[in-house]
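Me: I'm new to this one. Can you walk me through it?
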Amino acid sequence: LNFPEQRQARFAFLEKGKLEEASQNLTNDLTKSAEHIRPSLKETRKTLSGLQLGTCQMSGSGPTLFIPFSTPQKARQAFNRFRRHIQFKKAIFCQSE
């Protein structure tokens, strides 16, 4: 998809309340550069993707990774699965309307 089509697809999913689908169309142009400088970001993102928790994205220029969830229950289930497989420094849960 080109940029206008991606934006349109994201908004269509968001309007329908489909956060997970909208997140699949997110991009961050700095991801490759940040992962080149800090390979552990790429390793962690690949591990999270392998756990099939959702679409893992990088926030800004890094090093924060995030996965959006549509409900707190889905986020908690993913966290429980996540913590069995990954040693991490910090995991933060936040909710927005």
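Reply: A cut-off to begin with: buried means under 20% relative accessible area, exposed means over 50%, and partly exposed lies in between. Keep in mind that this is a predicted model.

Me: OK. Is T31 buried or exposed, then?
Reply: T31 is buried, because its relative accessible area is 11% and the cut-off for buried is under 20%. T31 belongs to helix α3, residues 31–37.

Me: Which residues does T31 touch?
Reply: R45 and M58, leaving aside residues up to four places away in sequence.

Me: And S40, how does that count?
Reply: S40 counts as partly exposed, because its relative accessibility is 37%. S40 is in helix α4. The C-alpha atoms of S40 and P63 are separated by 9.5 Å. Those two residues are 23 apart along the chain.

Me: What span should α4 have?
Reply: Helix α4 has twelve residues, 39–50, so at 1.5 Å a residue it should span 16 Å. Its end C-alpha atoms are 17 Å apart, which agrees.

Me: What follows α4?
Reply: Q52 does, and its phi is positive, near 55°.

Me: Zooming out: how many helices and strands are there?
Reply: Five helices and two strands. Along the sequence the pattern reads α-α-α-α-β-β-α.

Me: What share of the chain is buried?
Reply: 25% of its 97 residues count as buried. The accessible surface is about 7600 Å², with 50% of that belonging to carbon and sulfur atoms.

Me: And what share of contacts join residues at least 24 apart?
Reply: 42%, among contacts between residues at least 6 apart in sequence.

How values were computed. Residues numbered from 1 in each chain as written. Predicted model: local features only at pLDDT ≥ 70, side-chain atom pairs only at ≥ 80, totals over all residues. Heavy atoms only, no water. Helix = DSSP H or I, 4+ residues; strand = E, 2+ residues; numbered from the N terminus. Expected span 1.5 Å × (residues − 1). Buried < 20%, exposed > 50% of the residue type's maximum accessible area, 1.4 Å probe, protein only. Contact = heavy atoms within 4.5 Å. Areas by Shrake-Rupley, 256 points an atom, 1.4 Å probe, with all protein chains shown as cover.
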